[in-house]
Amino acid sequence: MGCDRNCGLITGAVIGAVLAVFGGILMPVGDLLIEKTIKREVVLEEGTIAFKNWVKTGTTVYRQFWIFDVQNPEEVAKNSSKIKVKQRGPYTYRVRYLAKENITQDPKDSTVSFVQPNGAIFEPSLSVGTENDNFTVLNLAVAAAPHIYTNSFVQGVLNSLIKKSKSSMFQTRSLKELLWGYKDPFLSLVPYPISTTVGVFYPYNNTVDGVYKVFNGKDNISKVAIIDTYKGKRNLSYWESYCDMINGTDAASFPPFVEKSRTLRFFSSDICRSIYAVFESEVNLKGIPVYRFVLPANAFASPLQNPDNHCFCTEKVISNNCTSYGVLDIGKCKEGKPVYISLPHFLHASPDVSEPIEGLNPNEDEHRTYLDVEPITGFTLQFAKRLQVNILVKPARKIEALKNLKRPYIVPILWLNETGTIGDEKAEMFRNQVTGKIKLLGLVEMVLLGVGVVMFVAFMISYCACRSKNGK
């Protein structure tokens with residue numbers, strides 16, 4: 001009887017040990033299975049989860065605009081006063097709703113090329129007004145004229161055309177005109193062939209961005225979605241050859257198994273460069289654990305603080321000998337136009353940049369850019385891209401509309417907030433197909449290990465107690 005009981009206890013202990021060992025073995029095996037599955041599903045080829053969501057995003061993406069309405073245009077033009085602005089918005093458009101086109105796989109170098117069609121649909125219910133709302137803003141053509149044409153004689157000719165068209169330093173334009181383009185009366189009088197349509201985002205609708213060529217990850221998963229080459233309408237040869245500004249992904253996804261220590265690099269054709277984000281915190285997004293990466297202040301730092309930005313200091317006067325920070329000159333890829341980008345309300349900019357402008361209220365929470373990335377797959381499940389478009393206007397003695405200016409201004413025109421969040425249905429699918437299975441496998445591993453250890457310890461204690469009793 002005692003022998004049978006001892007045998008039973010020993011058997012139980014053995015079973016417990018086996019379960020514990022099996023649980024321990026299952027953990028690395030399970031991790032390998034997860035890794036293999038993820039590596040298969042994030043490859044950009046037909047049939048994978050990544051490819052389906054990459055071709056056409058399942059997330060509704062909105063681009064909100066706030067326009068800086070100038071309150072004292074005559075005072076500025078006559079006396080070179082501080083520019084008083086009042087933010088008006090949001091005006092919301094739905095964007096990125098069109099599927100990628102001309103998708104071509106190249107098995108030789110494991111890349112896939114494509115173009116991204118552009119389109120914007122106005123969303124009245126998410127806007128404070130209509131596309132016909134009017135704003136007083138800087139005259140884009142007049143401000144750019146002396147910057148592009150520096151010759152005094154040419155400026156004199158342009159001045160006569162500006163006067164004849166009754167154009168001035170500031171103008172009144174509707175939202176639709178300002179964003180998507182209008183026929184400029186001054187440029188329409190120029191006697192040689194030039195584009196006479198002006199707009200902050202002109203041309204946009206019915207155009208395409210690209211051709212992009214990205215790695216599909218088939219031969220090296222650590223390069224999946226990373227841009228190999230980009231050939232767009234914008235002149236990016238300067239940035240490619242001198243600044244090495246085309247690297248990273250398009251921010252929709254990153255190579256899988258993202259660690260907090262990783263710097264996420266991504267390219268945006270809107271700003272003609274790649275930029276980066278660093279880890280800030282862990283966030284729970286609709287039951288999915290994600291890592292929040294944010295655009296650091298150093299991304300817009302002066303070249304003295306961040307050598308990567310040396311390409312964006314193109315002159316010594318406006319930049320105070322390249323010591324100013326918070327704005328980047330991207331005119332080289334905007335056909336020479338004096339376009340500067342910054343964070344909204346000149347967030348993280350040096351005081352000299354915002355000093356000539358009144359009415360700005362930079363706020364970290366409202367004006368920063370962030371990405372919420374699911375760390376196992378590398379998919380971006382929520383993001384907010386926030387940028388401000390500014391135009392440089394300088395004194396010009398030969399142009400009457402600008403001759404009274406006593407200093408240059410970097411004038412804010414608008415700022416945008418492009419956002420997207422994974423929908424409830426997609427989030428549930430993601431939990432079921434990815435995070436749910438991983439959690440379940442991890443739970444099974446821990447249960448087997450835990451039960452095995454408990455059984456082994458319990459049966460061994462009982463066995464020792466029984467032996468002790470029999471010995472007495």
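Biologist: What makes Lys163 and Glu400 a salt bridge?
Modeller: This is a predicted model. In it, the side chains of Lys163 and Glu400 meet at 3.0 Å, N to O. The rule asks for a Lys or Arg side-chain nitrogen within 4 Å of an Asp or Glu carboxyl oxygen, so the pair qualifies.

Biologist: Where do Lys163 and Glu400 sit in the chain?
Modeller: Lys163 is in helix 5, and Glu400 is in the loop between strand 19 and strand 20. They are 237 residues apart.

Biologist: Why is Lys163 called partly exposed?
Modeller: Its relative accessible area is 48%. Buried means under 20% and exposed means over 50%, so Lys163 falls in between.

Biologist: What makes Arg368 and Glu280 a salt bridge?
Modeller: Their side chains meet at 2.4 Å, N to O. The limit is 4 Å, so this pair counts too.

Biologist: Is Arg368 buried or exposed, and why?
Modeller: Buried, because its relative accessibility is 11% and the cut-off is under 20%.

Biologist: Why is Asp424 called exposed?
Modeller: Asp424 has a relative accessible area of 58%.

Biologist: What makes the Thr111 and Asp109 pair a polar contact?
Modeller: The side chains are 2.7 Å apart. The cut-off is within 3.5 Å, so the pair counts.

Terms used: Residues are numbered from 1 along each chain as its sequence is written. This is a predicted model: local features need pLDDT of at least 70, side-chain atom pairs count only at pLDDT 80 or more; totals for chains, interfaces and linings use all residues. Side-chain values use heavy atoms; hydrogens and water are left out. A polar contact is a pair of N or O atoms within 3.5 Å; within protein, one must be able to donate a hydrogen and the other to accept it, and residues adjacent in sequence count only if both atoms are side-chain atoms. Helices (H or I, at least four residues) and strands (E, at least two) are DSSP runs, numbered from the N terminus. Buried means under 20% relative accessible area, exposed over 50%, partly exposed in between (1.4 Å probe, protein chains only).
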